[in-house]
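Good morning, and thank you for coming. Please look at the structure as it comes up, and I shall then take you through it.

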Amino acid sequence: MSSATSKSRHTTRGRPRLYTNYASEMAIFNTGAKRLWILIGFFALVILPFLLDRDMVSLGAKVLIFAIGGIGLNLLTGYAGQVSLAHAFFLGIGAYTAAVLGGEARGGVIGLGWDMAIWLPLAGLVPAIVAAVIAPLAARVRGLYLAILTLGLVFIGEHIFKEAKPITGGAGVGRAPAEPVFLGFDLFANYEVFGIEIDRYTMLFFTCLVIFVVMALLARNFTRSRFGRSFAAVRDRDIAAEVMGVSLLRTKTLAFAISAFYAGIAGALFSIVIGRISPETWNFFLSVDFLAVIFIGGLATITGSIMGAIFVVMLPQLVNALTRYLPIDPGVGGGGLLNVFELQSIIFGVLIVVFLIVEPRGLYGLWLRVRNYFKAWPFSY
Amino acid sequence: MVELTPILQANELALSFGGTKALRGVSFSVEEGELFAVIGPNGAGKTSIFNCISGVYRPQEGNVTMQGEEIVGKAPEDVAHMGIARMFQNIELFDNLTVLDNLMLGRGSHMDYSVLSAFLFTPKARRQEVANRAVVEDIIDFLDIENYRAYPVGMLPYGVKKRVELGRALAMQPKLLLLDEPVAGMNVEETEDMARFILDVRAEMGISMILVEHDMGLVMDLADRVLVLDFGEQIALGTPDVVQADPNVIRAYLGEEML
């Protein structure tokens, strides 16, 4: 016990898994294996864009954006236990905040053309403030009622986006997103560094990668803090949490605000990757996609949100590849038994049900099983 | 008891749910370091008293003061910050958190780093986490639950859960501890263990306690004074021997013809 207060030494006495102080046990990457995986993952992500074609790199950026948004929703739904169908609404607010502050004024829409260093943080802060205003209402209800309340929010939001023409361009028209110019440095242009050509899609990928890494680490820190614990307490037993000194209103408001901050950043980046934003983008189905990210990836884990994002973004590609072998119409029109989009929705739905029943910890839970198998190897448990 | 300074004082508490009167004018005070027991048949209003003290219910009449400060009307989390901790009748632990995190949650009011420093895990946050972790480890040591430290609470057996719940309440370093049936559903050995822990808590930490319990042997052995309730009414208050001999108490528990 006294070792924590005494001078902490990082000795392991020849035993790599022995912690000799609390700080090293609390570390995010507290085992050698985790550090190794992170290193491998990081190098893979840096090299990958140079090996893949343009479409795949853009898809990679979309994975990172879905991971950021997924982490946000997981903090709210997975950690704090507040189901939200309004995630797309907050993505939309983030996207339009960015577009107004960092976009061009063209075609009757407002655009201030500011730098990314200004619009990126504000694309997170504005949705967070909106969420903090709405949260006291949402904090009064739970479970199904909260789901319905947030469902209402996403439809109200879509309507507002369609009507607010000076900001959004209006239904069916849309507007150009913010310009990713960071401190005068255009992040959506081709560059050449040490003879290696970096195209604009790769640049965008790296921009998303940096923001993703920072936000994932911040989230990981947050979840091991006193606030992360109070989120989980509110989720598991709200009355007991109150009696233990956790304010429900303050905790839920914080959860909604932080979730919306992550959603806003994800929305701003998403709008840049898709190139043009229409109000219809921020609809109920985008919210469901994010719920799929966290349910399939694993509730209340940051790593799971990332796994879920990879899965949800990559699945349509897989389904497309399958269309050659199955009686599926690759387009939207009639013809085959199903079209691609229908099949995709069916697969999502089935997977959410299967994961809820078989492995509620999602893909992350599957990973835990694999890991534990090898940990115990050669024994079965 | 040499010096009598009440830590908690309840005056004429009355609580009703529609037509049902849960409490009808209950008054008592708990002294510094005292182990005060509340007993009574099922539905007598014992847990209602706890809910009034911890801010979950608001009594229609009467007031409760903690070291002179009014409690009635305060939100549960504010009551907790005043130094009142509680162990629930039906275990109310955070099932998906580990034993360690459950106890660390009890340390919440002893940490004050901001949201921003939580995100950045600044040295201040780290220092507070480590310092409070040391306190929690002492309690884990005290309750002999080292082996379960890293397990999610939902997986643990009943007796251990009860002990973890006591630990979570102790982690708050309360001035007053409310124990709602700490040995309900336990066998003889587990009951004796819990009784030992309760006595140790009093001896080592000097925390005042209010105990609600159906196990009469335990109450009469441990308590300094006993309050007896029947249908929300206060029918006796005094030392265990006095209460045991009180005809009203015998009538409430055993019926009229036993006298």
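I shall speak about chain A as a whole, and then about a sheet in chain B.

This is a predicted model, in which local features need pLDDT of at least 70, side-chain atom pairs count only at pLDDT 80 or more, and totals for chains, interfaces and linings use all residues. Residues are numbered from 1 along each chain as its sequence is written, while chains are lettered from A and ligands numbered from 1 in the order in which they are written.

Chain A contains 16 helices and six strands; these are DSSP runs numbered from the N terminus, helices being H or I with at least four residues and strands E with at least two. Its C-alpha trace spans about 65 × 55 × 50 Å along the principal axes. Of the 381 residues in chain A, 44% are buried, meaning that 20 or more other C-beta atoms, placed from the backbone, lie within 10 Å of the residue's own.

Let us turn to chain B. Four of its strands form an open sheet in the order E2-E1-E4-E5, with antiparallel pairing; two strands pair if DSSP finds at least two bridges between them. Strands E2 (20-31) and E5 (69-70) of chain B stand at the edges, each with a single partner strand, so one side of each is left without a neighbour in the sheet. Strand E1 (residues 6-17) of chain B is joined to strand E4 (residues 61-66) of chain B by five bridges. Gln9(B) has Thr65(B), in E4(B), as its bridge partner.

How values were computed. A residue is buried if 20 or more other C-beta atoms lie within 10 Å of its own, exposed if 12 or fewer, and partly exposed in between; C-beta atoms are placed from the backbone.
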